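Trainee: I would like to learn how to read salt bridges in a protein model. Could you walk me through some?

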Amino acid sequence: MDDDTREREISGKTMRIDRTLCIGSGNCVNIAPEIFVIREDNIVDFQDETPDIEEGRLEEAAAICPVDALILEDENGEQIVP
């Protein structure tokens, strides 16, 4: 994984951020502010601490991304969103 990709296990799912695609819309931050933050470069990243949250909110945060920069996979590595 390179510096432009972040990955974190949250609530048993794997959330990946492709920071090369992110345009900093902040939609995911609005849905799950305890998970995502917009950094100084105006690109989304994970908060330092990411608690477990409802699965539906993770899916919604990934689905609302206008450029599909958030990828959510289940515990088997199967892509859920997008």
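Predicted model: local features only at pLDDT ≥ 70, side-chain atom pairs only at ≥ 80, totals over all residues.

Trainee: What is a salt bridge?

Mentor: The term means a side-chain nitrogen of Lys or Arg within 4 Å of a carboxyl oxygen of Asp or Glu. By this rule, there are 10 salt bridges here.

Trainee: Where in the chain do D45 and R6 lie?

Mentor: D45 is in strand β4 (residues 44–46) and R6 in strand β1 (residues 5–10), 39 residues apart. Strands (E, at least two residues) and helices (H or I, at least four) are DSSP runs, numbered from the N terminus. The closest N and O atoms of this salt bridge are 3.3 Å apart.

Trainee: Is D45 buried or exposed?

Mentor: Buried means under 20% relative accessible area, exposed over 50%, and partly exposed in between (1.4 Å probe, protein chains only). D45, at 9%, counts as buried, whereas R6 is partly exposed at 25%.

Trainee: Which residue forms a salt bridge with R39?

Mentor: That is D48, with the closest N and O atoms 3.6 Å apart. Salt bridges with shared partners join R6, R39, D45 and D48 into one network. Within it, D48 is exposed at 65% relative accessibility, and R39 is partly exposed at 24%.

Definitions and conventions. Residues numbered from 1 in each chain as written. Heavy atoms only, no water.
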